[in-house]
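Here is a short note for a colleague who is meeting this structure for the first time. Please read it with the model open.

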Amino acid sequence: SRYSIGFSEEVRQGITQFPLEGTLSGITVARKELVTSDNIMNDDRVEPEFRKKLIKQELQGIISVPLLFQEEVLGVINLFFKGKIPSLTDFERETLMHMGKTIGLAMANANYVAQIEAEIKERMKVEELLQREREIFYSTIQGAPDGMALIDKNGRYLYINAEFTNITGYTLEDVTTGNDWLHRAFPNPQ
């Protein structure tokens, strides 16, 4: 009921407010099949207040089509007619059901794309935050008055600050591992 083309504002408001249970749309959702009404005026499945609004616009018939994706109903399209609805052949009913499935697939795909976009945006935010924290961390280490080195779990030097080089005389290229540094800093006299 988000999109209601060709209706008065009163009918559009009614579409968004009527209950689903027991209505043509509700039955369409529950049964996952096409539901029709040839006579809105006498059909108890049309909510009374909404019926008045439809009759005021001279509408007499409704075809309610489920929007399906993998047997899940994502919504309903209601086709309203000024006169009685045309008698539908099996082929026409199948065609309307296929249209409902195609629209349901498109809706599911749109939701999937929106979900992926939201996940990408969230990941980008996290990556930006991580980058800012990394910059703060490295600027803090770089400006530290003490020699500092970042070493991975395998003993490989990942980063050394300028004070480390001032104190030891070694750059990151000189000492790629803790063992390299120990051998250079404390050479074995033998």
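1. **Basis.** This is a predicted model: local features need pLDDT of at least 70, side-chain atom pairs count only at pLDDT 80 or more, and totals for chains, interfaces and linings use all residues. Residues are numbered from 1 along each chain as its sequence is written, and side-chain values use heavy atoms, with hydrogens and water left out.

2. **Layout.** The protein chain has six helices and five strands. Both are DSSP runs numbered from the N terminus: helices are H or I with at least four residues, strands are E with at least two. Along the sequence the pattern reads α-α-β-α-β-β-α-β-β-α-α.

3. **Burial and surface.** Of the 190 residues in the protein chain, 27% are buried. Buried means under 20% relative accessible area, exposed means over 50%, and partly exposed lies in between (1.4 Å probe, protein chains only). The accessible surface of the protein chain is about 13,300 Å² (Shrake-Rupley method, 1.4 Å probe). Carbon and sulfur atoms hold 55% of that surface.

4. **Contacts.** A contact means heavy atoms within 4.5 Å. Among contacts in the protein chain with a separation of 6 or more, 38% join residues 24 or more positions apart.

5. **Helix α4.** α4 has 53 residues and reaches 76 Å from its first C-alpha to its last. That is close to the 78 Å expected at 1.5 Å a residue, where the expected span is 1.5 Å times one less than the number of residues. Its buried residues include L96, M97, G100, G104, A108 and I141. Their cover includes β2 (61-69), β3 (72-81), β4 (149-151) and β5.

6. **Aromatic pairs.** The structure holds four. Rings of Phe, Tyr and Trp (its six-membered ring) pair if their centres lie within 6.5 Å; planes under 30 degrees apart count as stacked, over 60 as edge-to-face and the rest as tilted. One of the pairs is F137 with Y138, which is edge-to-face at 5.6 Å centre to centre and 75° between the planes.

7. F137, Y138 and Y159 form one aromatic cluster.

8. **Buried or exposed: what is Y159?** Y159 is buried, at 16% relative accessible area. F137 is partly exposed at 38%, and Y138 is partly exposed at 29%.
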